[in-house]
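This briefing covers selected local features of one model, grouped by topic. Please consult the sequence and the structure alongside the points below.

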Amino acid sequence: MDNRVGEMQVFLRVVESGSFSEAARLLVMTPSTVSKLIARIEARLGVRLIERSTRRLSVTQEGQIYYTRAVTLIADLDDIERSLTTGTMQPRGTVRVNASVAFGTLGLEPFLPAFWNAYPEILIDLSLSDDVTDLYLDRTDVAFRVGRLQDSGLTVRHLGAVPRRIVASPTYLERHGTPQTVADLDSHQCLGFNFQRTTPVWPFQEKGRLIDRRVHGPLLANNGETVRRMALQGVGLARLGEYHVREDLKAGRLVEVMSDATIQDEEDIHALFPAGHQSPPRVRAFLDFMVPRIQDYLKVP
C-alpha cells in the first residue's frame with residue numbers, strides 16, 4: 001500500500017523550503033529520493049506540480065491546488081489524532097482569513113474575542129486588504145468579498161446586501177453646498193477608488209430610470225478607509241457602504257446627501273472558500289460562528 005500522506009508531507013516541505021536539497025536535509029533524505037517521490041505523485045496525478053530549473057523551483061497552478069488541499073488534509077489528520085489523545089473534539093488549528101480593510105475592521109474584528117472564548121484552540125491568521133487575492137495561491141481558508149464576484153469556482157455564501165451612501169462632512173457642505181441633483185456633481189469633488197475592476201462612475205436613479213454618472217475628484221485610493229478619512233477631513237464626497245459610515249452618520253461627523261437618487265445602489269457581501277472538498281472543522285466552526293453575527297451586523301438599523 002502506498003504512503004500518500006508521507007508523499008504529501010515531502011511535497012509540502014519542498015514547496016515551503018524552495019528546493020529539493022533543502023527539503024531533503026530537513027527530512028533526512030537524499031535529494032534523489034525527494035525528487036523521485038515528487039515524480040511519483042506527478043505520475044499518479046498525470047499533471048506537473050513543480051517546474052524545475054537550475055536556479056529555482058516554481059509551483060504550477062495544479063501544484064498550488066494540491067499544496068492547499070494537502071495542508072488541509074494533514075491538518076485535519078493532526079486534529080483527529082490530538083482530539084483522540086486529549087479526549088476532546090474541540091476544533092483547533094489555523095484559519096487564514098482575508099477581508100477588505102473596512103469590513104475586516106468593522107464587521108469582523110469585533111466578534112473575534114467572543115470567537116476565541118468559544119474556540120480557544122483556533123488561531124486566526126487575518127489579512128486585511130482591498131485587493132482581490134487568489135485564495136489558492138495565498139492559502140486562504142475564508143475570504144470576505146464586497147461587491148460583484150467573478151466566476152472563480154469557489155464555494156460562496158451570501159451574507160447580505162448593503163446600501164451605499166453618498167456622504168460628506170458638514171464642513172465640506174458648508175464650503176461647497178449640498179448637491180441636489182446628479183448634474184450638481186459636476187461642481188463637486190468626488191473621492192474614488194483605483195481598483196482595476198472599478199471606474200469613476202456612480203449609479204443613480206433619476207426620473208424613474210437608472211443612469212451612470214462619471215465623477216471626478218482629487219483622490220483615487222485602494223481602500224475604503226482612506227476614502228472615509230478624507231471625507232471626514234472635508235476633502236470631498238464619498239460613496240461607501242452603509243456599515244462603513246454608520247457610526248459617522250450617527251455622530252454627525254458625516255452627512256448623507258442625494259439619498260433619493262441612490263435607493264437602488266447596493267453592494268453584496270459574500271464569504272468565499274475553496275470548493276471541491278469538505279471544509280475542515282476549524283473552518284466550519286469559524287463560519288458557523290461568524291456568519292449569523294455578520295448578517296445581523298449588516299442589517300440597516
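Leaving aside residues up to four places away in sequence, Glu267 is in contact (heavy atoms within 4.5 Å) with Val146, Gly147, Gly160, Ala161, Val162, Arg164, Gly241 and Tyr243. The model is a predicted one, in which local features need pLDDT of at least 70, side-chain atom pairs count only at pLDDT 80 or more, and totals for chains, interfaces and linings use all residues. Residues are numbered from 1 along each chain as its sequence is written, and side-chain values use heavy atoms, with hydrogens and water left out.

**Glu267 and its strand**

- Glu267 lies in strand E13, residues 266-273; helices (H or I, at least four residues) and strands (E, at least two) are DSSP runs numbered from the N terminus.
- With a relative accessible area of 9%, Glu267 is buried; buried means under 20% relative accessible area, exposed over 50%, and partly exposed in between, with a 1.4 Å probe and protein chains only.
- The side chains of Glu267 and Arg164 form a polar contact of 3.4 Å. The term denotes a pair of N or O atoms within 3.5 Å; within protein, one must be able to donate a hydrogen and the other to accept it, and residues adjacent in sequence count only if both atoms are side-chain atoms.

**Pairing of strand E5**

- Four of the five residues of strand E5 (residues 142-146) are buried.
- E5 pairs with E13 in the antiparallel sense over four bridges, where pairing requires that DSSP finds at least two bridges between two strands.
- Ala143 stands opposite Leu272 in E13.
- Strand E3 (residues 93-99) runs parallel to E5 and is joined to it by two bridges; Val97 has Val142 in E5 as its bridge partner.

**Helix H3**

- The 15 residues of helix H3 (residues 31-45) should span 21 Å at 1.5 Å a residue, and the end C-alpha atoms are 21 Å apart, which agrees. The expected span is 1.5 Å times one less than the number of residues.
- Val34, Leu37, Ile38, Ile41 and Glu42 of H3 are buried. They cover an arc of only 135 degrees around the axis, so they lie on the same side of H3; the arc is taken from the directions from the helix axis to the C-beta atoms.
- Lys36 and Ala43 are exposed, on the face of H3 turned away from its buried side.
- Gly46, with a positive phi near 75 degrees, follows H3.

**Tyr297 in helix H10**

- Tyr297 belongs to helix H10, residues 281-298, and is buried at a relative accessible area of 19%.
- Tyr297 and Gly107 are 190 residues apart in sequence, yet 6.9 Å apart in space, C-alpha to C-alpha.
- Not counting residues up to four places away in sequence, Tyr297 touches Leu106, Gly107, Phe111, Tyr243 and Arg246.
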